[in-house]
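Visitor: I would like to go through this model with the definitions beside it.
Guide: Then let us look at it together.

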Amino acid sequence: RLPTEAEWEYAARAGENTVYAGGNTLEEVSWCRDNAIYKTHEVCGKKPNAFGLCDMSGNVSEWVFDFYDVGWYRDEGAALTDPRGPDAGTYRVIRGGSWGSAATLLGVANRDFGKPSSKSYSGFRCVRSK
């Protein structure tokens with residue numbers, strides 16, 4: 001299944017308080033508009049995060065399970081542990097940024113959204129339920 005947005009962020013942070021998944025230096029951990037030469041790159045071509053996960057900031061942005069609502073975490077989701085997004089919506093959340101993203105969009109806390117039917121530079125990362 002797709003990870004929830006909260007699961008994705010937990011995996012990207014890997015117990016650390018860094019700007020990007022795996023560190024604070026973009027060049028060490030990410031492919032983005034500034035260094036990717038307008039293409040995707042081989043998986044794990046940059047440093048992994050503390051959980052050993054690669055490319056969670058940049059290379060290919062990732063769809064998550066949650067529907068997008070700009071105020072969800074400020075309002076309904078703020079008090080929840082491991083929140084899931086709204087039950088319905090037009091857009092799904094996209095996390096991580098891609099090779100075509102500006103560096104300012106690759107931070108672990110950054111959120112984006114899109115219609116699942118759209119063509120974009122997005123992929124997905126599967127998780128296994130217990």
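This is a predicted model: local features need pLDDT of at least 70, side-chain atom pairs count only at pLDDT 80 or more; totals for chains, interfaces and linings use all residues.

Guide: Residues are numbered from 1 along each chain as its sequence is written, and side-chain values use heavy atoms, with hydrogens and water left out.

Visitor: What makes the radius of gyration of the protein chain agree with that of a compact globule?
Guide: The radius is taken over C-alpha atoms, and the globule rule is 2.2 Å times the number of residues to the power 0.38. For 130 residues a compact globule would come near 14 Å, and the protein chain has 14 Å, so the two agree.

Visitor: Which elements does the protein chain have, and in what order do they run?
Guide: There are 2 helices and 4 strands, running α-α-β-β-β-β from the N terminus; helices (H or I, at least four residues) and strands (E, at least two) are DSSP runs, numbered from the N terminus.

Visitor: Why is Glu 5 called buried?
Guide: Buried means under 20% relative accessible area, exposed over 50%, and partly exposed in between (1.4 Å probe, protein chains only). Glu 5 has 2% relative accessibility and therefore counts as buried. Glu 5 belongs to helix H1 (residues 5-13), and, leaving aside residues up to four places away in sequence, touches Val 64, Asp 66, Tyr 73, Val 93, Arg 95 and Arg 111, where contact means heavy atoms within 4.5 Å.

Visitor: How do you know that the buried residues of H1 line one face of the helix?
Guide: In H1, the buried residues are Glu 5, Trp 8, Ala 11 and Ala 12. Down the axis of H1 they fall within an arc of 130°, so they line one face; the arc is that of the directions from the helix axis to the C-beta atoms. Strands E1 (61-67), E2 and E3 are included in what covers them.

Visitor: What is called a pocket here?
Guide: On a 1 Å grid over the protein atoms alone, a cavity is a set of points where a 1.4 Å probe fits but cannot get out, whereas a pocket is an open set with protein on both sides within 12 Å along at least five of seven lines; lining residues have an atom within 4 Å of a point. The largest pocket has a volume of about 280 Å³, the volume being the space filled by probe spheres set on the points. Among its 15 lining residues, Glu 7, Tyr 10, Ala 11, Val 127 and Arg 128 are the closest to its centre.
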